[in-house]
Every structure is written in C-alpha cells, then in structure tokens.
Amino acid sequence: TQQLEQSPRFLSIQEGENFTAYCNSSSVLTNLQWYRQDPGEGPVLLVKVVTGGEVKKQKRLTFQFGDARKDSSLHITATQPGDTGLYLCAGAQCS
C-alpha cells in the first residue's frame with residue numbers, strides 16, 4: 001500500500017520568508033501533483049511532475065521530483081500573504 005508523508009502541510013507565513021514542504025512516498029510514483037487549498041475551498045492543482053529529477057518553476061515557486069521518484073519538494077521564495085493555505089501532495093503508484 002502506498003503511503004505519502006508530508007511536512008509541513010499548512011503554510012502560515014511571515015511575509016518575505018522562504019518556505020519548503022516535503023513529500024515522501026513509500027513506493028515509486030509514476031507522477032506527483034502538488035495542490036493548494038484555501039479554507040472552505042477545493043484543492044487547486046499547482047503542478048504535476050512525471051520525470052525523476054524534474055524541476056519546474058512558477059514565478060516564486062519551485063517544484064522538484066526526486067531522481068528515484070519517491071520524494072518531492074515545494075519551495076516558495078519570499079512568501080506573500082496570499083501564499084497562506086494548505087499544501088497537499090498526491091501521487092500515482094507504479095503498477
């Protein structure tokens with residue numbers, strides 16, 4: 001059974017700080033997605049990574065998928081008040 005461990009899940013920020021969230025899987029993933037969710041709203045897809053070692057950048061956000069496709073990180077540079085929220089990772093397991 002696949003297990004995803006993530007820390008931290010919620011970003012409560014002080015403006016201008018850098019923030020990194022990590023996601024680790026117990027098994028190899030075919031792809032991994034990061035979502036952001038505001039209170040009372042549904043999750044919104046931020047990015048999908050599929051290739052081991054892949055790095056994607058979106059303005060102040062950087063997403064990295066580990067070479068072994070079992071871990072990922074989300075890094076936010078110079079956080080802003082609008083970045084506060086719940087950040088979630090989800091992945092599809094190799095069959």
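Mentor: This model is a predicted one, and we can begin with its aromatic rings, among which there is one aromatic pair. The pair is formed by F19 and Y87.

Trainee: What makes F19 and Y87 an aromatic pair, and why is the pair called tilted?
Mentor: The ring centres of F19 and Y87 are 6.1 Å apart, and centres within 6.5 Å count as a pair. Since F19 belongs to strand β3 and Y87 to strand β9, the pair ties together parts that are 68 residues apart in sequence. Both F19 and Y87 are buried.

Trainee: How do you know whether S25 is buried or exposed?
Mentor: S25, which lies in strand β3, has a relative accessible area of 10%, and the limit for buried is under 20%, so S25 is buried.

Trainee: What makes the approach of the S25 side chain to S27 a polar contact?
Mentor: A polar atom of the S25 side chain lies 2.6 Å from the backbone oxygen of S27, and the cut-off for such a contact is within 3.5 Å.

Trainee: Why are β4 and β5 called paired strands?
Mentor: Five bridges join β4, residues 29–37, to β5, residues 44–49, whereas pairing needs at least two bridges, so β4 and β5 pair. The two strands run antiparallel, and Q33 has K48 in β5 as its bridge partner.

Notes
Residues numbered from 1 in each chain as written. Predicted model: local features only at pLDDT ≥ 70, side-chain atom pairs only at ≥ 80, totals over all residues. Heavy atoms only, no water. Helix = DSSP H or I, 4+ residues; strand = E, 2+ residues; numbered from the N terminus. Buried < 20%, exposed > 50% of the residue type's maximum accessible area, 1.4 Å probe, protein only. Polar contact = N/O pair within 3.5 Å; in protein donor to acceptor, adjacent residues only side chain to side chain. Phe/Tyr/Trp six-rings, centres within 6.5 Å; stacked < 30°, edge-to-face > 60°.
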